[in-house]
Amino acid sequence: MSCGTGAIPEVERRRAAPPPQKNAAVLHQGFATVAPPTAALYKDPGRPEKGNYQVNSTNGTACLLASMGLQLTITFNSVSQNKTVQDVVNIQPNVTKHSGSCDPENSSLILSMDAEKTNLTFFFTLNTTSNKYHLSEVSLSAAWPDMKEPFSTHNRSLDYLQGTLGYSYLCREEQTLNVDQNLSINIFQVQVQPFGLTKDQFGAAEECQLDEDDMLIPIVVGAALAGLVLIVLLAYLIGRKRSHAGYQTI
């Protein structure tokens with residue numbers, strides 16, 4: 001297999017905020033989690049920039065395309081603070097290299113941030129029986145100056161970003177990929193297709209459930225308002241008919 005390389009994400013970090021009180025609740029994506037008593041939370045660096053990534057096959061054509069913004073939340077032991085901290089960093093597409101590989105049933109996208117000695121890899125798997133693919137593995141290795149020891153994790157049992165062969169997976173809403181207790185990845189405006197590309201372009205998009213739910217809400221609200229208007233109109237017509245009937249009796 002051959003890899004496509006090009007300039008892409010590195011890390012954009014803000015300085016640490018004052019440590020929160022113990023067991024402080026951290027609100028994220030509509031649900032509350034409790035921060036570990038020893039964890040000092042860094043400031044949110046804001047929404048990450050969206051990057052575009054392409055991995056080529058041996059014949060030079062694209063075998064994987066991805067467009068997305070990425071934000072990492074990592075828990076590690078800090079040298080400067082002498083405690084466990086939680087760092088939130090954005091992947092910067094303009095300063096990070098990307099590569100990868102493609103097989104008939106497996107493909108990967110590797111994002112390398114050399115200045116921070118950080119490597120993030122996404123692994124996709126295709127089920128040739130059902131013609132469905134998904135994000136099956138994620139690995140991250142990092143050796144940052146403030147880490148007491150290098151960070152490394154690899155989860156081989158994930159099931160995210162599910163799509164159909166020949167189609168791209170599309171989700172405009174923010175999603176959180178929970179890799180393990182020390183790493184989660186917030187992914188923004190993602191469109192990815194790791195198999196079945198034609199002419200180096202995304203196939204027709206299959207939208208995620210989150211997007212479909214967002215589209216359903218205005219439809220339901222509109223239908224409810226239309227129903228309310230109809231009820232008011234019927235009540236008015238019935239009242240008017242009764243009023244006319246009363247005049248005729250007199």
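Which residue forms a salt bridge with Glu 207? The partner is Arg 172, and the closest N and O atoms of the two are 3.0 Å apart. Welcome to a predicted model, in which local features need pLDDT of at least 70, side-chain atom pairs count only at pLDDT 80 or more, and totals for chains, interfaces and linings use all residues. Residues are numbered from 1 along each chain as its sequence is written, and side-chain values use heavy atoms, with hydrogens and water left out.

**The salt bridge**
- The structure has 1 salt bridge (a side-chain nitrogen of Lys or Arg within 4 Å of a carboxyl oxygen of Asp or Glu).
- Glu 207 sits in strand E18 and Arg 172 in the loop between strands E15 and E16, 35 residues apart (strands, E, are DSSP runs of at least two residues and helices, H or I, of at least four, numbered from the N terminus).
- Glu 207 is partly exposed because its relative accessibility is 30%; Arg 172, at 47%, is also partly exposed (buried is under 20% relative accessible area, exposed over 50%, partly exposed in between, with a 1.4 Å probe and protein chains only).

**The disulfides**
- There are 2 disulfides (pairs of cysteine sulfur atoms within 2.5 Å).
- Cys 63 and Cys 102 have their sulfur atoms 1.9 Å apart, and their link is right-handed, with 75° about the S-S bond.
- This pair connects strand E7 with strand E9, 39 residues apart, and both cysteines are buried.
- Cys 171 is joined to Cys 208 at an S to S distance of 2.0 Å.
- Cys 171 lies in strand E15 and Cys 208 in the loop between E18 and helix H1, so the pair ties together parts 37 residues apart in sequence.
- Cys 171 and Cys 208 are both buried.
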